[in-house]
Amino acid sequence: MKKEIASILCATALTCSAGAASIPDFSDVRPSDWYHDAVNYVCENGLMNGTSDTAFSPNATTSRGMIVTILYRLAGSPDMPESNWGYPYADVDTNAYYSAPVYWARMNDLVTGYSDTQFGPNDAITREQLTAILYRYADHLGLDTDTGFIPDKYYDFSDYQSVSRYATNAMSWCVNKGIVSGSDGKLNPHGTATRAEVATMLMNAENILDANEPTEPETPVSPDGQPVPDDTDNETADDNQTVTDEISLRPIGKSAVDEYGGYWDYDLSNATFDAINDLREENGLPRLTYSLKVQEWADTRSREIWIVDERDGDISHTRPDGSVFASVGYGCNAENALIGLITTNAQENLNKWYGSQGHRENMLNTRSKTTAVSAYVQGEKVYALQLFDKLTITELNNR
């Protein structure tokens with residue numbers, strides 16, 4: 001998430017002795033290997049070399065020094081005057097191939113050391129660490145790294161809950177962008193990233209990490225000139241969606257102050273909910289059904305956003321205990337969140353979410369059936385959250 005003034009809406013075979021080789025020279029990379037095209041890509045683009053003139057070593061692990069060197073090359077090997085390197089790492093030899101990349105990565109907040117004196121350049125890197133680094137690099141390029149946390153693909157992996165809290169958004173982003181595809185239905189976040197896996201992730205990220213190229217296919221344009229996401233791959237609305245709507249039962253006004261000194265502004269929540277449904281109608285989509293159960297879960301999540309912000313100084317799509325947001329209820333499949341100054345203008349919330357591709361896709365998706373918006377007020381800030389659920393009212397109430 002990127003912070004704004006008023007709102008808050010992550011190799012590699014770089015052995016110096018081995019020169020670049022064409023892929024036919026590698027005896028351990030065959031045309032039938034799943035990583036063949038990826039190895040060819042990284043070698044042709046000068047991102048990785050072989051471990052020798054005849055071997056790529058696809059199953060070997062990659063190190064922190066290798067990864068930062070790859071990113072450094074991907075960035076065009078920018079000039080790094082030694083006077084700008086800052087404090088030295090005792091374990092980074094200035095003559096090592098990774099020395100300039102290590103300090104470049106630190107200067108750009110991509111990868112930092114374990115301490116002011118230790119970087120650990122030879123330490124193996126895990127798959128979730130790699131996704132976090134690519135996520136930060138995309139943010140460094142000014143790309144939109146806010147997925148709005150669309151978890152459909154992410155939850156297909158049986159071990160998604162084993163992803164460390166710091167890497168959850170990064171791993172979700174990489175999964176939804178197609179950078180990470182997993183293996184046998186698993187993300188294996190704590191496994192070391194092999195050279196073949198790193199090469200594959202770099203190939204998958206080629207267009208995404210190109211700041212000069214569009215990262216998404218062209219989409220239809222709404223009346224205000226903004227792109228509307230193509231949802232053709234998503235589940236379409238069907239006749240099974242219930243027409244029942246609990247909107248007449250939704251709370252209004254402001255709640256009593258809770259034990260944390262905050263309260264929920266339901267007038268703002270309801271106005272934002274209505275504005276989002278109006279937006280859906282303008283784009284030829286059915287209105288989402290209001291659910292009291294989803295409202296209860298959204299209220300829980302909006303306060304949790306404040307709790308995490310108070311603790312970490314940022315908002316997160318994970319809960320205070322580190323579990324995924326969807327565990328707040330059943331059927332929850334996406335959420336939008338933001339922090340802003342207190343406002344009575346629901347359109348401001350909609351506009352902020354609409355300005356982010358991930359949030360916009362959530363508001364205009366056809367996977368969800370029910371939803372609710374919550375606005376939790378603490379001091380001069382409002383923590384707004386829209387929770388989406390894939391179940392109908394009937395399905396929710398029969399649980």
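I'll start with helix α6: the elements that cover its buried residues include α1 (36-44), α2 (64-74) and α4 (127-140). This is a predicted model, so please keep that in mind throughout.

Helix α6 spans residues 195-204, and eight of its ten residues are buried, so the rest of the structure largely encloses this helix. The buried ones are Arg-195, Ala-196, Glu-197, Val-198, Ala-199, Thr-200, Met-201 and Leu-202.

Now the chain as a whole. The protein chain has eleven helices and five strands. Of its 399 residues, 53% are buried. The chain exposes about 17700 Å², and 47% of that comes from carbon and sulfur atoms.

Next, the aromatic rings. The structure holds twelve aromatic pairs. Take Trp-264 and Tyr-376: their ring centres are 4.9 Å apart and their planes stand at 50 degrees, so this pair is tilted. Trp-264 belongs to strand β1 (residues 263-264) and Tyr-376 to strand β4, so the pair ties together parts that lie 112 residues apart in sequence. Are these two residues buried or exposed? Trp-264 counts as buried because its relative accessibility is 12%, under the cut-off of 20%. Tyr-376 is buried too, with a relative accessible area of 0%.

A second pair is Phe-273 with Tyr-290, which is edge-to-face, with 5.6 Å from centre to centre and 85 degrees between the planes. Phe-273 sits in helix α7 (residues 266-282) and Tyr-290 in strand β2 (residues 289-290), 17 residues apart, and the pair links these distant parts of the chain. Both Phe-273 and Tyr-290 are buried.

Back to Trp-264 and Tyr-376 for a moment. Together with Tyr-260 and Trp-306, they form one aromatic cluster.

That brings me to Gln-378, which is in strand β4, residues 370-378. Which residues does Gln-378 touch, leaving aside those up to four places away in sequence? They are Tyr-260, Gly-261, Gly-262, Trp-306 and Tyr-383. A polar atom of the Gln-378 side chain lies 3.0 Å from the backbone oxygen of Tyr-260. Gln-378 counts as buried because its relative accessibility is 14%.

The charged end of Arg-64 is over the ring of Phe-119, 4.3 Å from the ring's centre. Arg-360 lies over the face of Tyr-354, with 5.4 Å to the ring centre.

Definitions and conventions
Residues numbered from 1 in each chain as written. Predicted model: local features only at pLDDT ≥ 70, side-chain atom pairs only at ≥ 80, totals over all residues. Heavy atoms only, no water. Helix = DSSP H or I, 4+ residues; strand = E, 2+ residues; numbered from the N terminus. Buried < 20%, exposed > 50% of the residue type's maximum accessible area, 1.4 Å probe, protein only. Polar contact = N/O pair within 3.5 Å; in protein donor to acceptor, adjacent residues only side chain to side chain. Contact = heavy atoms within 4.5 Å. Areas by Shrake-Rupley, 256 points an atom, 1.4 Å probe, with all protein chains shown as cover. Phe/Tyr/Trp six-rings, centres within 6.5 Å; stacked < 30°, edge-to-face > 60°. Lys NZ or Arg CZ within 6 Å of the ring centre and 35° of its normal.
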